[in-house]
2 protein chains.
Amino acid sequence: MTRRKRPPRSEPRIIKTKVRGVAVHHFGVVNDPRGNLIASEFTKHIPFLPHRFFMVFDVPHSEMRGEHAHKKCHQFLICLKGSCTVTVDDGRRRQSIRLDDFHRGVHLAPKVWCTHEHYTRDAVLLVFASHFYDPADYIRDYASFRTLVNRRYL
Amino acid sequence: MTRRKRPPRSEPRIIKTKVRGVAVHHFGVVNDPRGNLIASEFTKHIPFLPHRFFMVFDVPHSEMRGEHAHKKCHQFLICLKGSCTVTVDDGRRRQSIRLDDFHRGVHLAPKVWCTHEHYTRDAVLLVFASHFYDPADYIRDYASFRTLVNRRYL
């Protein structure tokens with residue numbers, strides 16, 4: 001018997017990374033000859049309610065985006081088209097995750113430093129954010145970020 | 001002077017359709033050589049907070065999806081890749097909208113009958129829903145839908 005590559009329904013899985021506050025969510029897929037479906041519920045699967053979303057696209061391959069952390073805002077990133085690399089850092093550990101598939105997303109709790117880079121030409125990154133846009137919520141200086149998060153370890 | 005095709009920032013616009021409770025939202029775009037950005041805020045621009053999202057993909061071209069209305073749930077549809085046609089119906093008026101671009105989305109208030117069809121092979125439709133999944137919120141019979149909405153006009 002050959003193994004079915006696409007079962008009628010695959011269950012969602014959440015895989016914690018080594019970086020504090022960061023998990024990769026593999027969405028469940030309902031396979032149906034009339035069209036396949038991915039569904040996810042906020043607060044149940046993704047641990048916040050989004051107040052904002054944004055999409056980043058037409059990013060030159062050499063460009064680095066992100067390069068900040070949030071004080072309060074949770075984020076959830078899905079690469080809808082193409083691919084890009086997200087690097088997350090809790091001040092102690094760092095991990096890079098290649099996003100190349102809309103079947104999974106990455107949850108970032110607040111106080112995670114995040115950069116995205118190596119966007120393919122066609123890449124579109126969708127981000128759900130738990131809060132409205134607030135410039136005061138951004139930590140844009142890595143040294144300040146390290147100082148803030150290391151307080152937690154003292 | 002030639003007209004700039006891509007200004008640094010295009011303002012969002014909301015265009016009501018002839019169907020009650022349905023509007024097309026053209027997102028504003030922030031053009032930046034480091035990458036372009038579309039952003040939208042729930043409750044401010046899109047008139048609800050999403051509790052769920054789903055993505056529909058691999059839909060055969062001949063297939064018709066949707067074919068229901070919701071009693072309470074708001075939805076917001078964005079075609080992320082490829083294209084599809086969304087037909088909306090308030091029980092009195094009907095309109096078809098071709099979605100072929102993630103720069104815009106369609107808001108459907110509750111009590112709008114909606115079908116989607118003519119999906120291209122690569123099409124991915126993203127839907128934000130104001131409520132958790134609840135089978136009791138679906139109206140799947142067109143005659144019942146007509147009865148329900150026509151009560152409002154009496």
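Buried means under 20% relative accessible area, exposed over 50%, and partly exposed in between (1.4 Å probe, protein chains only). Strands (E, at least two residues) and helices (H or I, at least four residues) are DSSP runs, numbered from the N terminus. This is a predicted model, in which local features need pLDDT of at least 70 and side-chain atom pairs count only at pLDDT 80 or more, while totals for chains, interfaces and linings use all residues. Residues are numbered from 1 along each chain as its sequence is written, chains are lettered from A and ligands numbered from 1 in the order in which they are written, and side-chain values use heavy atoms, with hydrogens and water left out.

In chain B, strand β13 (residues 124-129) is largely enclosed by the rest of the structure, because six of its six residues are buried. Val124(B), Leu126(B) and Phe128(B) point one way from β13(B), and Leu125(B), Val127(B) and Ala129(B) point the other way.

Strands of a sheet pair through backbone hydrogen bonds, either parallel or antiparallel. Two strands count as paired if DSSP finds at least two bridges between them. The table lists antiparallel pairs.

| Strand | Partner | Bridges |
|---|---|---|
| β6(B), residues 52-57 | β13(B) | six bridges |
| β8(B), residues 75-81 | β13(B) | six bridges |
| β7(A), residues 64-70 | β14(A) | two bridges |

Within β13(B), Ala129(B) stands opposite Arg52(B), and Leu126(B) is the bridge partner of Ile78(B).

In chain A, five strands form an open sheet with antiparallel pairing, in the order β10-β9-β12-β7-β14. Its edge strands, β10 (94-99) and β14 (138-139), each pair on one side only. Ile139(A) in β14(A) stands opposite Ala69(A).
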